[in-house]
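Please view the sequence and the model together while reading.

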Amino acid sequence: MAFRPDLQTTLDRYAHAWNTPDPDERWALVHACAASGVRYVDPGSEKPVCGQAALVAFMGLFHETVGQAFAFTGPADGHHEWIRVPWQLRDASGPTATGLLVATLDRDVRLVEVVDFVDG
């Protein structure tokens with residue numbers, strides 16, 4: 001995996017990390033798309049998830065318990081180091097949740113701070 005990806009590559013890797021059942025592949029994807037000190041928060045996390053290893057573990061727990069596919073549903077919009085991009089969760093019957101990812105990027109186009117908002 002290239003170290004310095006473009007934004008779309010970073011987002012593709014991030015989405016794939018949520019969806020893969022393989023913990024080693026998940027680790028490689030998170031390592032490639034997120035800064036070592038990445039901080040992740042969503043309504044389902046009791047507290048911020050800090051660091052690549054913790055994010056990999058959180059994604060694994062999500063994959064095992066929720067089991068829905070994560071996908072971005074629109075283009076990323078952003079300025080300076082900030083981005084936002086809509087997403088959805090899907091199961092076999094279709095979309096089950098939608099929301100918005102807001103994140104900061106480092107100069108290597110890796111995720112630093114990630115906040116997921118779930119639509120009401």
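This is a predicted model: local features need pLDDT of at least 70, side-chain atom pairs count only at pLDDT 80 or more; totals for chains, interfaces and linings use all residues.

Residues are numbered from 1 along each chain as its sequence is written, and side-chain values use heavy atoms, leaving out hydrogens and water.

**Aromatic pairs**

- Rings of Phe, Tyr and Trp (its six-membered ring) pair if their centres lie within 6.5 Å; planes under 30 degrees apart count as stacked, over 60 as edge-to-face and the rest as tilted. By this rule the count comes to 10 aromatic pairs.
- The ring centres of Trp-18 and Tyr-40 are 5.6 Å apart and the planes stand at 55°, so this pair is tilted. Because Trp-18 belongs to helix α1 and Tyr-40 to strand β1, the pair ties together parts that are 22 residues apart in sequence. Helices (H or I, at least four residues) and strands (E, at least two) are DSSP runs, numbered from the N terminus.
- Both Trp-18 and Tyr-40 are buried, a term that means under 20% relative accessible area, with exposed meaning over 50% and partly exposed in between (1.4 Å probe, protein chains only).
- Trp-18 also forms an edge-to-face pair with Phe-58, at 6.2 Å centre to centre and 85° between the planes. Since Phe-58 lies in helix α3 and Trp-18 in helix α1, this pair ties together parts that are 40 residues apart in sequence.
- Trp-18 counts as buried at 3% relative accessibility, and Phe-58 counts as buried at 18%.

**Helices α1 and α3**

- The axes of α1 (residues 7-19) and α3 (residues 52-65) come within 8 Å and cross at roughly 55°. That makes α1 oblique to α3; angles under 35 degrees count as roughly parallel, over 145 as roughly antiparallel, 65 to 115 as roughly perpendicular and the rest as oblique.
- In α1, Tyr-14, Ala-17, Trp-18 and Asn-19 meet Phe-58, Met-59, Phe-62 and His-63 of α3, where contact means heavy atoms within 4.5 Å.

**Nonpolar core**

- A nonpolar core is a set of buried Ala, Val, Leu, Ile, Met, Phe, Trp, Tyr and Cys residues joined through side-chain atoms within 4.5 Å. The largest one has 29 residues, of which Tyr-14, Phe-72 and Leu-101 touch the most other members.
- At least two residues of this core come from each of α1, α2 (23-33), β1 (34-41), α3, β3 (69-72), β5 (82-91), β6 (94-105) and β7 (111-118).
- Not counting residues up to four places away in sequence, Leu-101 touches residues including Tyr-14, Phe-72, Trp-87 and Val-114.
- In soluble globular proteins, nonpolar side chains tend to be buried together.

**Loops**

- His-80, in the loop between β4 (77-79) and β5, has a positive phi near 50° in a residue other than glycine. His-80 is exposed, with a relative accessible area of 77%.
- Val-109 lies in the loop between β6 and β7 and, although not a glycine, has a positive phi of about 60°.
- Pro-75 is found in the loop between β3 and β4 and counts as exposed at 70% relative accessibility.
- Leaving aside neighbours within four places in sequence, Pro-75 is in contact with Arg-84, Val-85 and Pro-86. The C-alpha atoms of Pro-75 and Trp-27, 48 residues apart along the chain, are separated by 25 Å.

Conventions:
Axes are lines fitted to C-alpha atoms, for helices over the stretch in contact, and angles run from 0 to 180 degrees between N-to-C directions.
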